[in-house]
Amino acid sequence: MSARFSGPGVEAVSPAAASSASPASAASSASSASPASPLWPTWPAEFAERYRAAGWWRGETFGGMLRERAAAHPERIAIVDGERRWTYRELDERADRLAAGLLARGIAKGDRVVLQLPNVAEFFAIVFALFRIGALPVFALPAHRETEIGYFCAFTKAVAYVIPDVSEGFDHRVLASKVRAEVPSLAHILVVGDPGEHTALADLERDPVEITDPPGPDELAFLQLSGGSTGVPKLIPRTHDDYIYSLRGSNEICAVDADSVYLCALPAAHNFPLSSPGTLGALYAGARVVLCPRPTPDVAFALIERERVTITGVVPPLALAWTEAAQRGDFDPSRLSSLRVLLVGGAKFSEEAARRITPTLGCTLQQVFGMAEGLVNYTRLDDPDEIVVTSQGRPISPDDEIRIVDDADVDLPDGETGHLLTRGPYTIRGYWNAPEHNASSFTADGFYRTGDVVRRLPTGHLVVEGRAKDQINRGGEKVAAEEVENHLLAHPSVHDAAVVAVPDAYLGERTCAYVILRAGAEPLKPVAIRRFVRERGLAGYKVPDHVEFVETFPYTGVGKVSKKDLRAAIAAGLAEHAGR
Ligand code: OOB
């Protein structure tokens, strides 16, 4: 294994331990004396029983769900991708044929498969094939590059990596060859399109076979990525039961039913378009999913009109772009007449922008404040307008427990602003194979420390006031400061680096890297630093937007860089700049 993709814990999981992970073994290890052993801490038995008794966990699986929908309405359209329209029967059959192909190649229950596909129909065929056999998709984003993909493959000991041939001008086959040369477990590269030296996904299809050991509802369905605030992204283990409950709850809150048409405008692998209510919510309801290759107003609006889309979800910068396009009068708003609900989330949506949605786009706004770790809050369709534009919603479930605490974990009186902690029927109890992180990211009694700073209204709605985690939310794309800092520190001329958010009118926040050069180092231009980070094979959205060279940082009493003071200095600098 190359040191390149190593990170904390890369060697920590043996393939046998990983693939034999079952709720039973995890549960027993979770409750054992050694907190270092569980691969994925799960809910204690009394909670699991409560969630089942309440009817949240109904013992459904994704494989079974698609089979049932296909049996109930085989000819209904499930997926629209350009001119391609797959019925539920077709999606079901493709999933079966791919499942047979995966098994024939020795890919089995518990194996990890890194998936990096744009918004194409094959995404759903392979995801349901993996769900059926119990192999675990690891949902990479299209923007991820060699560093992230290499890490996911090495850390999870993935056996396969699924890619497009070329997407947005980037040849994923070349990246795959590099990663395969470095990661011994990676036996299969499966390509949608021209496979080059690898295997075409289409060639995997076989006559369906009986799956003798399908996953149970309390077993893992996939690993989702955490936005993260640490050096490397953490992996989020979600079960069939818990995730399907979040879909069912979301569908009810967003009024998604069999007649709905969901436009998948964001990258399909992200938790928001996947499950809030997202593509999987739509498929659960027997509705239609329309895949949007690019979320620009021209492409999205044309699809909304052509496919009579009723609901979609976007991040705040896109909501701004859509309302601006509508306000410019570039198109006749009656073309969007089918659109009933626009969900906006992933980052804070300003009240001012929120007020513009209904007048310009003619649909209802639903704010959504969610996280891949679990908890999702929505404003309700019948909430008063003031609540919809000023809050980020309330939890899906009556069993979502919310605590708002001070720095010492003491609960605050209602209405005060503090750290959001949560526990519930679809919020994980720990990251996958990350015992040290789990000790700091979860309380001893299982509450997840979201890192978000919120206030609760008397109605139960949450208002996001800020963030305590060391992360930049770049228009919904999360950048962990430490991860970028580690790459900056690898530059031979860099003595120290600190990455912080700077306010931005469009994205909400952008990244700024403050860099101290080594004594005697040749002066550098910001562009050289940016190029250095990019060339290390990092996703483009993590490359610092701004680079500032400084002599020193403000430090805290314990000698850590004070990001608070850095941010204040930036804010003061921006104000000065604006005042000039
Ligand atoms: C969604 O999921 P992630 O995992 O990419 O990011 C979660 C974090 C939250 O902890 C919070 O810091 C931020 O993103 N966030 C928001 C927000 N929605 C998410 N901050 C302010 N206002 C909002 N409305 O981003 C995600 C997952 C499911 C549904 C929607 C978003």
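How many of the 11 residues of helix H7 (residues 146–156) are buried? In this predicted model, 11 of the 11 are buried, so H7 is largely enclosed by the rest of the structure. The buried residues of H7 include the charged pair Glu146 and Glu148. After H7 comes Lys157, which has a positive phi, near 50°.

A second place to look is a pair of helices. Two packed helices are described by the angle between their axes and the distance between the axes. For helix H13 (residues 316–327) and helix H14 (residues 351–361), the angle is about 45° and the axes lie 10 Å apart. H13 and H14 are therefore oblique to each other, and the crossing of H13 past H14 is left-handed.

The contact between these helices can be followed residue by residue. On the H13 side, Ala319, Leu320, Trp322, Thr323, Ala326 and Gln327 take part. On the H14 side, their partners are Ala353, Arg356, Ile357, Thr360 and Leu361. An α-helix has 3.6 residues a turn, so residues three or four places apart point the same way.

The protein chain has an average pLDDT of 92, and 92% of the residues score at least 70. Over residues 11–37, however, the pLDDT is below 50. This stretch still has 39 contacts in the model beyond near neighbours in sequence. Where pLDDT is low, the predicted coordinates should not be read in detail.

How values were computed. Residues are numbered from 1 along each chain as its sequence is written. This is a predicted model: local features need pLDDT of at least 70, side-chain atom pairs count only at pLDDT 80 or more; totals for chains, interfaces and linings use all residues. Side-chain values use heavy atoms; hydrogens and water are left out. Axes are lines fitted to C-alpha atoms, for helices over the stretch in contact, and angles run from 0 to 180 degrees between N-to-C directions. Helices (H or I, at least four residues) and strands (E, at least two) are DSSP runs, numbered from the N terminus. Angles under 35 degrees count as roughly parallel, over 145 as roughly antiparallel, 65 to 115 as roughly perpendicular and the rest as oblique. A crossing is left-handed if the near helix is turned anticlockwise from the far one by less than a right angle, and right-handed if clockwise. Contact means heavy atoms within 4.5 Å. Buried means under 20% relative accessible area, exposed over 50%, partly exposed in between (1.4 Å probe, protein chains only). pLDDT is the predictor's confidence in each residue, from 0 to 100.
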